[in-house]
Amino acid sequence: MKHLLPLILCAAAAAAHAGIPVTGGPSLQWPNTEQLQQLVKQHLLVAQQYQQLAQATQVQQTQQAPPQLKNEAVRVLPGGKRIVEEPPGPKTLRKAPTRPSFWAGNPSPTYVIDSETGLKECGWPWISEGCRAYKPGFDRRQRAWVIKHGGQWLKCPRRESIAGCVDYYAPAPQMPEQD
């Protein structure tokens with residue numbers, strides 16, 4: 001019985017909110033069946049709208065780019081100009097730098113590097129003449145990201161995490177296949 005009054009008040013408030021006249025006092029008059037059906041339809045419509053909004057929000061969140069590690073090599077000046085410190089060159093050059101023919105045929109592992117013009121993809125972890133603009137979704141291949149973190153140059157298997165990163169001059173990290 002103690003929960004009956006709050007339930008009645010809640011039903012009366014919901015009916016009043018929906019524009020259904022409710023009279024109070026000693027004898028509470030309940031809305032008729034047609035009015036209650038109208039109230040149920042309105043509440044179902046609102047519930048569907050909230051569900052659609054929640055689904056749209058979830059889709060939007062999944063479509064947004066994943067969080068990225070801050071690359072200390074990239075600085076943005078107050079006017080919006082990007083200043084990018086390029087990774088150091090190789091300690092020793094054992095093979096010729098990447099050539100444009102590197103991109104033909106078999107998808108080989110690459111390194112993605114920040115540059116003044118945006119992201120570049122190279123066959124070596126340093127900037128060379130054979131780099132190309134990185135286009136997400138263009139092709140699927142093994143990739144690593146070259147970043148400066150904590151004052152050190154690193155090669156990282158993913159752009160959003162420090163996990164698995166290795167020193168810049170160390171052998172390549174585990175390079176997952178990614179767009």
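From the N terminus on, the elements of the protein chain of this predicted model follow the order α-α-β-β-β-β-β-β-β-β-β, which comes to two helices and nine strands; helices (H or I, at least four residues) and strands (E, at least two) are DSSP runs, numbered from the N terminus. Residues are numbered from 1 along each chain as its sequence is written. Because the model is predicted, local features need pLDDT of at least 70 and side-chain atom pairs count only at pLDDT 80 or more, while totals for chains, interfaces and linings use all residues, and side-chain values use heavy atoms, with hydrogens and water left out.

Of the 179 residues in the protein chain, 28% are buried, where buried means under 20% relative accessible area, exposed over 50%, and partly exposed in between (1.4 Å probe, protein chains only). Among contacts (heavy atoms within 4.5 Å) between residues at least 6 apart in sequence, 48% join residues at least 24 apart.

A search of the whole structure finds two disulfides, a disulfide being a pair of cysteine sulfur atoms within 2.5 Å.

| Disulfide | S to S | About the S-S bond |
|---|---|---|
| cysteine 122 and cysteine 131 | 1.9 Å | 110°, right-handed |
| cysteine 156 and cysteine 165 | 2.0 Å | about 115°, right-handed |

With the bonded cysteines of the protein chain numbered in sequence order, the pairing reads 1-2, 3-4. Cysteine 122 and cysteine 131 are both buried, and cysteine 156 counts as buried because its relative accessibility is 1%.
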